[in-house]
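Look at the fold below and follow its strands and helices one group at a time.

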Amino acid sequence: MLGPSGCGKTTTLRMIAGFEQPTEGAIRLEGVDVSRVPPNKRNVNTVFQHYALFPHMTVWDNVAYGPRSQKKDKAAVKKSVDELLEVVRLTDFAQRKPAQLSGGQQQRVALARALVNYPSALLLDEPLGALDLKLRHVMQFELKRIQREVGITFVYVTHDQEEALTMSDRIAVMNAGNVEQIGTPTEIYDRPATVFVAGFIGQANLWHGRQTGRANRDHVEIEVLGTKLKARPGDTTIEPGGQATLMVRPERVRVSMEQPAGDIATVGAKVVDLTFQGPVLRLSLAAADGSPIVAHVGPEQNLPLLRPGDDVHVGWAPDASLVLPAADIPTTEDLEEMLDDS
């Protein structure tokens, strides 16, 4: 579940766990309505950002705490704990105390402790938030591996778009208490349902325009950036003459000094700023009508040295664009504020 601060992610997670009561609807766990079942009777566990490991216990005893509390026999406890420590790759650390572990290792202990009773679902509320960036990236892949090995549904709350795209099989993008879209990472990124989803997931060029009709069987015609272009239609039907928003991801934008040939949607633009970002050069451009355009230029585009003020041609294949329903376009400041709040 992905979205800005205050959109309802943690509240939804708390309802699944049983700490909040839904005012309507049902919460089904393995097909059974558990909306009125108390938290201690639901077969779910939660991992929070703060792991709350028992500092006086070893790793093995921390993981064994759950099955011991349920009065399981010693052989069953040993089998379950040993299996989970193997899955999270902490067998060699079983007799250490939490203070002797790194942040990533403590995270895996918390996971093993939550998984040892094999819940129907594991709820994770931004569990990687306390880790540094490199360790966070490593743990994203570790969590994905662990989920696939144990085969338990993970419901993961985050405001980090990259984390959601990296880890998820399905993403629910939330905004102001509403689910804007549910889909695979590819669907969410390539075919966002709304302007909010397009702007919140990754980076996107979004321009107000007017759909003027069909260009051919596969494309519509949209008047935008002071010209008429062919574009891929979205899932929402927009009548000819209706207001619309055109989306193009920066990595799909091609910049050239000459007018490109072929079936390419092209507009003239002027270079405003250049920012080196390692694998790509981020170009900030302005179309003839003043609209901002962002392009991520890789070395394969083989451009000469550009400077602010240079005139260039900006283009993209019609299938690289998507027509969305008209809506207020979030500014860069709006999106940065959402993420800062989160």
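Strand E4 (residues 121–125) and strand E5 pair in the parallel sense over 5 bridges. Helices (H or I, at least four residues) and strands (E, at least two) are DSSP runs, numbered from the N terminus, and two strands count as paired if DSSP finds at least two bridges between them. Within this pairing, Leu122 stands opposite Phe154 in E5. The model is a predicted one, in which local features need pLDDT of at least 70 and side-chain atom pairs count only at pLDDT 80 or more, while totals for chains, interfaces and linings use all residues. Residues are numbered from 1 along each chain as its sequence is written, and side-chain values use heavy atoms, with hydrogens and water left out.

E4 and E5 belong to an open sheet of 3 strands, in the order E3-E4-E5, with parallel pairing. Strand E3 (44–47) and E5 are at the edges with a single partner strand each, so one side of each has no neighbour in the sheet. On average, neighbouring strands of this sheet are turned by 20° against each other, direction ignored. Angles here run from 0 to 180 degrees between N-to-C directions, and axes are lines fitted to C-alpha atoms, for helices over the stretch in contact.

Which helices lie across these strands? Helix H1 (residues 9–17) lies across E3, E4 and E5, and runs at about 150° to E4. H5 lies across E4 and E5, running at about 155° to E5.

H5 also packs against another helix. Two packed helices are described by the angle between their axes and the distance between the axes. For H4 and H5 the angle is about 20° and the axes are 11 Å apart. H4 is therefore roughly parallel to H5; angles under 35 degrees count as roughly parallel, over 145 as roughly antiparallel, 65 to 115 as roughly perpendicular and the rest as oblique. H4 passes H5 in a right-handed crossing. A crossing is right-handed if the near helix is turned clockwise from the far one by less than a right angle, and left-handed if anticlockwise. Contact means heavy atoms within 4.5 Å, and here Gly103, Gly104, Gln107, Arg108, Leu111 and Leu115 in H4 meet Leu135, Met139, Glu142, Leu143, Ile146 and Val150 in H5. These residues divide into 7 nonpolar, 3 polar and 2 charged. In this scheme Ala, Val, Leu, Ile, Met, Phe, Trp, Tyr, Cys and Pro are nonpolar, Asp, Glu, Lys and Arg are charged, and the others, Gly among them, are polar.

On to the contacts of H2. The axes of helix H2 (residues 59–69) and helix H4 (residues 103–115) come within 7 Å and cross at roughly 30°, so H2 and H4 are roughly parallel to each other. Their crossing is right-handed. Val59, Asn62 and Val63 of H2 make the contact with Val109, Ala112 and Arg113 of H4. By class, these are 4 nonpolar, 1 polar and 1 charged.

H2 has a contact with helix H3 (residues 74–87) as well, where the axes come within 9 Å and cross at roughly 130°. H2 and H3 are therefore oblique to each other. H2 passes H3 in a right-handed crossing. Val59, Trp60, Val63, Ala64, Pro67 and Arg68 in H2 meet Val77, Lys78, Val81, Asp82 and Leu85 in H3. This contact has 8 nonpolar, no polar and 3 charged residues.

Side chains of opposite charge can pair when their charged atoms come close. The whole structure has 13 salt bridges, a salt bridge being a side-chain nitrogen of Lys or Arg within 4 Å of a carboxyl oxygen of Asp or Glu. In one of them Arg136 pairs with Asp160, with the closest N and O atoms 3.9 Å apart. The pair links distant parts of the chain, 24 residues apart: Arg136 is in helix H5 (residues 133–150), and Asp160 is in the loop between strand E5 (153–157) and helix H6 (161–167).

A second open sheet can be described in the same way. This sheet has 5 strands in the order E12-E16-E13-E14-E15, with antiparallel pairing. Strand E12 (254–256) and strand E15 (292–297) stand at the edges, each with a single partner strand, so one side of each is left without a neighbour in the sheet. The twist averages 45° from one strand to the next.
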